[in-house]
Amino acid sequence: MKVSEINPSSILQDAFHVYRRNNLTKSQQSFSRCVLGMRPSYYSCMITRHRQPSRQVLESLLSVTKTLMSTFLGNPHFRQTYAHNLNQAFDELEQLVERVRLELTFAEAMDQLEAKAGL
């Protein structure tokens, strides 16, 4: 993924659409609760207010996504040519993991810069 493709403000929207497109969540409320570990209205409030997710939310998204991907790896149909939907979902989740990791790396770097500036 290229740095130019990253838009941190839309990471939650992109994640929700990956989950929804692959039938991994039923609603925004379910996504907020089960994937992000927050209250049911969290996702819709963040999108409406154009807010950035916290590091805790990104870590939850990363953890849940990686756990879900590991279940795909154990599926005997994984990477079989006839399992197109399964393979596509895995590939999209893999890209999401890479993007969330990069966002967390940026957040950590910003925290370090802020700590140095405060000294």
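1. Charges. The chain carries 14 positive and 11 negative side chains, with the centres of the two sets 8 Å apart. Lys and Arg are taken as positive and Asp and Glu as negative, while His and the chain ends are not counted. Each charge is placed at NZ of Lys, CZ of Arg, CG of Asp or CD of Glu.

2. Basis. This is a predicted model, in which local features need pLDDT of at least 70 and side-chain atom pairs count only at pLDDT 80 or more, whereas totals for chains, interfaces and linings use all residues. Residues are numbered from 1 along each chain as its sequence is written, and side-chain values use heavy atoms, with hydrogens and water left out.

3. Fold content. The chain has 5 helices and 0 strands, in the order α-α-α-α-α from the N terminus. Helices (H or I, at least four residues) and strands (E, at least two) are DSSP runs, numbered from the N terminus. Along the principal axes, the C-alpha atoms fill a box of roughly 55 × 30 × 25 Å.

4. Burial and surface. Of the 119 residues, 34% count as buried; buried means under 20% relative accessible area, exposed over 50%, and partly exposed in between (1.4 Å probe, protein chains only). The chain exposes about 7,600 Å², with 52% supplied by carbon and sulfur atoms. Areas come from the Shrake-Rupley method with a 1.4 Å probe.

5. Contacts. Among contacts with a separation of 6 or more, 62% come from residues 24 or more positions apart. A contact means heavy atoms within 4.5 Å.

6. Helix α3. In α3 (residues 42-49), the residues Y42, Y43 and M46 are buried. They lie on the same side of α3 because they cover an arc of only 95° around the axis; the arc is that of the directions from the helix axis to the C-beta atoms. T48 and R49, on the other side of α3, are exposed. The cover over the buried residues of α3 includes α1 (11-21), α2 (28-35) and α4 (55-73). Just after α3, H50 has a positive phi of about 55°.

7. E92. This residue is in helix α5 (residues 84-118). E92 counts as buried because its relative accessibility is 14%. Its side chain makes a polar contact with the side chain of R21 at 2.9 Å, and another of 3.0 Å joins the side chains of E92 and Q88. A polar contact is a pair of N or O atoms within 3.5 Å; within protein, one must be able to donate a hydrogen and the other to accept it, and residues adjacent in sequence count only if both atoms are side-chain atoms. Leaving aside neighbours within four places in sequence, E92 is in contact with V18, R21 and N22.
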